[in-house]
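This report walks through selected local features of one protein chain, with the cut-offs behind each term given where the term is first used. Please keep the sequence and the structure open while reading.

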Amino acid sequence: MTDLQAPLRNDVRRLGKLLGQAISTDQGQPFLDKLEAIIRLSKAARRGEVDTAELVNALQQLEPSELVPMARAFGHFLNLANLAEEYHRVRRRNSLVVSKPDPQALNRVFDEIIEAGIDPQHLASKAAALQIDLVLTAHPTEVNRRTFIQKYETMAELLEQLDHEHPLSSRTTDLSERLQQLISEAWHTNEIRSERPSPVDEAKWGFAVIENSLWEAIPTFLRHFDRELKRVSGQQLPYTAAPIRFCSWMGGDRDGNPNVTAKVTEEVLLLARWMAADLLLGDISNLLHELSMSRASAELLAHTGPCSEPYRELLRQVRQKLNVTRDWAKTCIDQGWHAPEDTYLEDAELLQPLLLCDRSLRQCNMELIAEGCLKNTLRRIACFGLSLVRLDIRQNAERHTQVLDELTVYYGLGCYSDWTEAQKQTYLLRELSSKRPLLPRHWQPSAEVQEVLDTCAVISRHDRQSLGSYVISMASQASDVLAVALLLKESGSGYNIRIAPLFETLADLDNAPACIDTLLQLDWYQDYCAGHQEVMIGYSDSSKDAGALAATWAQYRAQEALASLCQRHGVDLTLFHGRGGTVGRGGGPSHTAILSQPPGSVDASLRVTEQGEMIRYKFGMPEVAVRNLELYAGAVLEASLVPPVTAKPEWCALMDSMAAESHRQYVKVIRQTPEFVPYFRQLTPEQELAKLPLGSRPAKRKQDGGVESLRAIPWIFAWTQTRLMLPAWLGSGLALAQTIEQKQQPLLRELLHEWPFFRAYIEMLEMVLAKAEPAIARHYEQHLVDPKLRPLGSALRQQLRQAQQLIPALKNSSHLLSDNEMLRQSIQVRNPYIDPLHYLQAELLRRDRNCPDQTIERALMVTMTGISAGMRNTG
């Protein structure tokens with residue numbers, strides 16, 4: 001039997017050996033010997049052959065000068081192991097040797113839809129209607145600098161080339177030497193940024209993912225999609241169809257981030273225009289090289305006149321106008337906004353000459369040529385267009401209220417925020433229908449209010465295809481949506497931008513259907529939304545607010561009610577899922593998550609955030625990106641045409657009961673236990689995390705606030721560093737245990753086997769429980785926590801162990817992840833390299849809190865990035 005993991009192990013060994021050579025050259029052989037001895041101790045401790053105290057003692061004996069390089073060595077190895085694993089996924093996908101058919105492959109998904117009795121023409125129609133927005137966000141979870149990411153991408157290319165060379169060939173030697181150079185470059189590069197990235201830096205990072213991977217991946221994905229669609233239905237997607245598009249929050253998300261200003265948003269919009277024009281110019285250059293044919297249709301010759309190379313003649317005109325477009329964007333970035341002249345503004349203008357080339361080629365019996373580079377370019381324009389990504393704007397509802405407070409006080413109408421909801425709606429609707437200006441000519445608002453108005457002005461200057469949605473965080477009432485509509489109207493916006501209220505807390509999720517119902521009953525709003533409503537569901541804050549199980553169930557109930565409500569109003573609903581990379585923030589396999597949504601809530605339309613390091617893991621390599629695009633498209637199509645079962649009343653009743661108990665247990669610890677906050681602060685590197693320059697957003701919404709003001713991302717990040725992983729399981733285990741004690745295990749198993757929603761939740765919980773390590777968390781506690789607080793830690797670890805035992809019992813399996821051997825092995829392989837970082841970090845935290853110095857602080861930050869790399873989904 002073929003060992004499918006052997007090539008991965010060989011790559012890990014190769015990369016580890018090359019890293020060792022780089023370390024030895026820099027730090028000397030004695031240091032490398034010490035490193036290898038610590039690795040052997042760590043592996044022996046995992047096997048139970050030596051006591052963990054020996055490993056801890058070896059780490060404590062390190063000289064001060066060895067702390068940083070030792071932490072760096074483990075971090076680099078874990079990053080290289082990640083790289084090897086990512087490439088191995090590509091290798092497995094392209095290999096003829098597979099262990100079993102992939103049930104999520106596009107061909108299997110299309111077959112299953114047809115086997116479910118769906119008419120092929122209906123399938124084709126639904127496929128053409130797919131509207132999936134992947135929204136790239138720059139939350140501070142990507143701990144790797146862009147320079148490292150680029151080196152890793154090149155290393156992956158070298159691994160692929162080595163696969164096709166004879167081990168003894170000179171070409172293999174050349175490739176190995178280049179690999180050694182790149183690993184040495186990485187080793188000698190500081191993995192910690194010297195300063196936090198700006199929002200513009202973050203946007204450029206997102207654009208780099210498009211340039212280096214997605215630009216290539218999109219046409220490949222659509223070629224695969226078209227092939228399968230034609231096989232089952234005889235049809236292909238029209239050129240204008242873009243099942244998946246990309247949006248971004250980088251440079252548009254200003255909620256709690258004072259660094260994102262109107263000026264920044266405009267710069268990012270123009271940078272995206274510049275990048276799109278530059279990438280499209282590359283495509284046009286390729287087409288100029290390819291389309292050298294002389295035969296052309298009368299329609300094309302009417303545009304070019306008689307010439308020997310009509311396609312090239314037309315494409316030169318396109319190239320000229322694209323150059324002007326790119327230059328205009330650059331001038332605006334450098335000198336400020338000015339109206340464009342003789343540039344491409346809308347995708348339709350750019351498509352016109354290219355579609356003319358396409359028609360001509362097909363009329364002249366050159367369809368094969370039309371299906372090549374030209375079709376790739378047409379697909380890219382449909383997906384990316386002249387704006388590259390559609391920028392969402394996100395702002396907190398309080399900031400819009402502040403504008404209206406200052407306005408109404410100025411006009412002597414009282415303070416807007418003191419009014420009832422009915423009074424607010426009456427005022428807003430009257431002003432929305434009024435033809436007179438809202439803002440007084442000589443009014444001088446506060447700087448914060450002026451910033452909101454300046455952002456609205458930027459929106460009004462840019463066209464509809466450059467912008468996605470205006471997301472209102474902490475929305476709770478219909479007036480929150482009407483307020484944004486009024487401010488945008490006043491700015492002179494010539495189109496109705498989608499306004500998406502974001503419901504984040506447990507209370508807001510429960511109130512979401514009533515809020516949207518109120519909106520859709522307003523005649524003015526019915527005209528504004530034109531039969532389409534978008535609602536964003538917040539996973540991060542609801543989980544932090546209520547615990548993972550209670551939040552997950554509240555999200556499901558809200559989506560189910562919203563889908564039913566919009567159906568009654570005759571309005572199409574798009575749900576925007578604000579998911580993170582971790583279970584505590586709604587993360588998990590995309591395909592599984594989509595297929596577990598309430599029936600009717602996914603109808604060919606979906607928006608979802610892709611956050612932090614998950615962008616690189618899912619889309620950083622073209623082949624991996626193609627796979628993930630296929631997963632998204634296949635899952636949304638399947639959920640739309642063959643939705644999951646409707647939950648039985650007894651299932652919902654059981655979920656209500658478990659969610660209530662889970663919430664009670666979560667709140668009991670987080671809010672009602674006085675020792676919890678000091679325990680959290682002493683056990684985890686939450687305070688020290690603020691020193692790590694990860695992203696442009698502050699770690700806290702309010703710098704003087706407690707845990708409640710901490711953003712969901714550092715909340716998760718801090719617990720992940722200690723391997724307690726508390727946010728993902730706290731309350732859930734006890735709720736499940738109580739259900740079993742009440743003799744309801746048969747019903748639980750019925751949910752597990754028959755209800756995709758519950759199965760998806762249990763599988764995600766199981767994954768995080770497999771990564772949790774009570775013994776490591778206990779080590780942090782013994783090193784860092786006041787003895788008076790330790791009983792709380794003991795009780796929490798007992799809950800964790802109970803949950804770790806409960807899930808296999810519920811699934812009738814012998815251990816966690818028994819049905820996901822690859823993931824289990826992946827965790828087991830990493831543990832001996834993450835463990836020393838944990839023990840070293842605990843020691844460094846103790847030293848830093850007692851006698852801080854720069855060396856300790858730097859080593860501490862390196863351990864954070866190393867553990868993040870090993871754990872993969874950090875926040």
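A residue is called buried when its relative accessible area is under 20%, exposed when it is over 50%, and partly exposed in between, with a 1.4 Å probe and protein chains only. What is shown is a predicted model, in which local features need pLDDT of at least 70 and side-chain atom pairs count only at pLDDT 80 or more, while totals for chains, interfaces and linings use all residues. Residues are numbered from 1 along each chain as its sequence is written, and side-chain values use heavy atoms, with hydrogens and water left out.

Asp342 is exposed, with a relative accessible area of 58%, and its place is in the loop between helix H12 (310-335) and helix H13 (347-363). The helices named here, like the strands, are DSSP runs numbered from the N terminus, a helix being H or I over at least four residues and a strand being E over at least two. Although Asp342 is not a glycine, its phi is positive, at about 55°.

Asn812 is likewise not a glycine and has a positive phi of about 55°. Its loop runs between helix H35 (790-811) and helix H36 (821-850), and Asn812 is exposed at a relative accessible area of 60%. Helix H35, which Asn812 follows, has 22 residues and reaches 32 Å from its first C-alpha to its last, close to the 32 Å expected at 1.5 Å a residue; the expected span is 1.5 Å times one less than the number of residues.

How does the span of helix H33 (residues 756-771) agree with what its 16 residues should give? At 1.5 Å a residue they should span 22 Å, and the end C-alpha atoms are 23 Å apart, which agrees.

The structure holds 27 aromatic pairs, where rings of Phe, Tyr and Trp (its six-membered ring) pair if their centres lie within 6.5 Å, and planes under 30 degrees apart count as stacked, over 60 as edge-to-face and the rest as tilted. One of these pairs joins Tyr556 and Phe757, whose ring centres are 4.4 Å apart with their planes at 45°, so the pair is tilted. Because Tyr556 lies in helix H22 (residues 548-569) and Phe757 in helix H33, the pair ties together parts that are 201 residues apart in sequence. Tyr556 counts as buried at 3% relative accessibility, and Phe757 counts as buried at 6%. Ring pairs also link Tyr556 and Phe757 with Trp553, Trp651 and Trp755 into a cluster.

**Charges over rings**

A charge sits over a ring if NZ of Lys or CZ of Arg is within 6 Å of the ring centre and within 35 degrees of the ring normal. Two such arrangements are listed below.

| Charged residue | Ring | Distance from ring centre |
|---|---|---|
| Arg72 | Trp187 | 4.4 Å |
| Arg607 | Phe576 | 4.6 Å |

**Cysteines**

A search of the whole structure finds zero disulfides, a disulfide being a pair of cysteine sulfur atoms within 2.5 Å. Cys357 is in no disulfide, and the nearest cysteine sulfur, that of Cys307, is 11 Å away; Cys357 is buried, with a relative accessible area of 0%. The sulfur of Cys566 is 8.6 Å from the closest cysteine sulfur, in Cys529, and this is too far for a bond. Cys566 is buried as well, at a relative accessible area of 1%.

Ile244 belongs to strand E2 (residues 244-248) and is buried, with a relative accessible area of 1%. Not counting residues up to four places away in sequence, Ile244 touches several residues, including Ile132, Phe221, Cys383 and Tyr632, contact meaning heavy atoms within 4.5 Å.

Ser493 is found in the loop between helix H18 (478-491) and strand E5 (498-503), yet Ser493 is buried, with a relative accessible area of 17%. Its side chain reaches the backbone oxygen of Tyr495 at 3.1 Å; a polar contact is a pair of N or O atoms within 3.5 Å, and within protein one must be able to donate a hydrogen and the other to accept it, with residues adjacent in sequence counting only if both atoms are side-chain atoms. Leaving aside neighbours within four places in sequence, Ser493 is in contact with Ser460 and Leu488.

Thr720, in helix H29 (residues 712-722), is buried at a relative accessible area of 5%, and the side chain of Thr720 reaches the backbone oxygen of Ile716 at 2.8 Å.
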